[in-house]
Amino acid sequence: MNRTKWALTAAVVVACVGQQGGLQRTVPAVMTGHVLTQVNPVVTDAAVPAVSVRCRTNAKPLAVLAARGRPGQRASYGTFVNRVRTHTGMLTADRRGTFTTSTAVTDHRRVGVILQLSSRTVVNAAVTPSCSKLMVATPPAPAPTATSGSRGNATSYTLNYSRNGAVTRWDPCAGDIHVRVNAANGGTGALADAQAALSALSSGTGLHFVYDGSTTFVPSTGNSSSQPATVVIAWAAPGTGAGTSDYYESGAIGEGGWRSSGTSTDGGATWNWKIVQGFVVVDPGASLPGGFGNGATRGALLLHELGHVAGLGHTSDGSQVMYPMLGPSTVGSYGAGDLAGLTAVGAAKGCTTAS
Ligand SMILES: [Zn+2]
């Protein structure tokens with residue numbers, strides 16, 4: 001018997017921080033936080049739309065796991081770190097219908113949570129966080145080059161992986177990826193920068209990110225089902241009220257991420273996963289200079305966040321756009337490692353549904 005299960009991936013939240021003061025200072029830039037989470041919850045009931053996992057960067061990284069239920073609903077749960085059960089118990093959804101629990105994590109430890117919401121509804125999420133501790137870093141100065149592709153090392157990229165071990169990426173055989181932009185608060189040239197960054201992303205991946213027009217939508221946790229385009233880029237302040245986004249980690253000026261879905265025709269023994277939705281939010285308060293010049297720019301931030309949308313993680317190579325910090329040495333174009341990563345998640349890899 002064939003069965004189809006749906007797996008919705010809550011937002012992958014990637015905070016990207018550039019703490020440049022706009023001044024010529026010699027003090028090292030401080031990375032106040034960066035985060036990379038991958039979530040692959042399996043949801044067998046459409047009434048349970050999402051599980052999200054946050055991994056906060058501070059002295060004690062914490063994965064916060066949340067699932068949507070009904071107000072007052074009770075559920076048993078277990079959390080796992082590196083597949084070792086760390087907590088079990090009962091949870092009660094708050095008055096907004098949200099179950100939450102958290103567990104301390106160490107870099108690269110796989111964190112999971114299972115919620116038994118009813119006899120037939122199980123929410124199963126896992127995350128492999130890359131939560132660096134708060135650190136002071138001075139990015140190495142990139143070698144000045146004329147062409148973006150030759151900057152840095154072609155091995156300087158990281159990818160995300162689904163629970164089945166496959167690289168998490170878009171399906172290049174699923175057609176154009178439609179994008180809408182909410183640039184009302186982005187300032188002069190914001191839309192043009194977004195379009196230019198999308199062009200660079202399309203060029204790097206071979207995927208077709210197509211600008212479809214404007215929107216007033218602001219991506220935030222819990223509203224992905226009403227997102228008006230497959231990818232939305234929005235300038236929106238951090239917050240929980242109308243017109244703001246609650247995706248921002250502490251100190252972040254931008255966030256980018258994706259949702260993936262998985263299907264199985266054998267009852268869940270094997271799954272095909274692919275990215276099906278992406279988002280970028282940019283804090284207008286960051287007041288980055290427009291364009292793609294050297295240093296921390298609006299363009300570089302967009303390239304970085306869109307790199308996450310394509311499926312890239314962070315790199316420790318400070319010459320690459322996917323370095324988790326913008327600073328004076330940032331270059332506003334994809335480097336050799338960035339481009340190698342975009343190729344690794346791009347059209348050249350073929351259909352994701354091919355077995
Ligand atoms: Zn980032």
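Two strands are taken to pair if DSSP finds at least two bridges between them. Helices (H or I, at least four residues) and strands (E, at least two) are DSSP runs, numbered from the N terminus. The structure is a predicted model, in which local features need pLDDT of at least 70 and side-chain atom pairs count only at pLDDT 80 or more, while totals for chains, interfaces and linings use all residues. Residues are numbered from 1 along each chain as its sequence is written.

The protein chain has 3 helices and 17 strands. Its pLDDT, the predictor's confidence in each residue from 0 to 100, averages 71, and 57% of the residues score at least 70. Two segments stay under 50: residues 1–61, for which the model has 212 contacts beyond four places in sequence, and residues 126–149, with 70 such contacts. A contact here means that the C-beta atoms of two residues, placed from the backbone, lie within 7 Å. Where pLDDT is low, the predicted coordinates should not be read in detail.

Of the 355 residues of the protein chain, 50% count as buried. A residue is buried if 20 or more other C-beta atoms lie within 10 Å of its own, exposed if 12 or fewer, and partly exposed in between, with C-beta atoms placed from the backbone. Among contacts between residues at least 6 apart in sequence, 71% join residues at least 24 apart.

A place to start is strand β13 (residues 177–182), where 5 of the 6 residues are buried. β13 runs parallel to strand β14 (residues 209–214), to which 5 bridges join it, and H178 stands opposite V210 in β14. Between these two strands the chain passes through helix α1 (residues 190–205), and this β-α-β crossover is right-handed: with the strands pointing away from the viewer, the path from the first strand over the helix to the second runs clockwise.

β13 also pairs with strand β15 (residues 231–235), in the parallel sense and over 4 bridges. Within this pairing, I233 of β15 is the bridge partner of V181, and A234 of β15 stands opposite N182. In β15, 5 of its 5 residues are buried. In a regular strand the side chains alternate between the two faces of the sheet. In β15, V231, I233 and W235 point one way and V232 and A234 the other way, and all are buried.

V231 leads on to the largest nonpolar core, where V231 and L306 touch the most other members of its 52 residues. Such a core is a set of buried Ala, Val, Leu, Ile, Met, Phe, Trp, Tyr and Cys residues joined through C-beta atoms within 7 Å. β13, α1, β15, β17 (272–282), α2 and α3 each supply at least two residues of this core, and the largest share, 7 residues, comes from α2. In soluble globular proteins, nonpolar side chains tend to be buried together.

Leaving aside residues up to four places away in sequence, L306 touches A197, L198, L201, G256 and V280. G307 lies in helix α2 (residues 298–310) and counts as buried because it has 30 C-beta neighbours inside 10 Å. G307 and G256 are 51 residues apart in sequence, yet 8.1 Å apart in space, C-alpha to C-alpha.

D338 is one of the buried residues of helix α3 (residues 336–344), along with A336, G337, L339, G341 and L342. The buried residues of α3 pack against α1 and α2.
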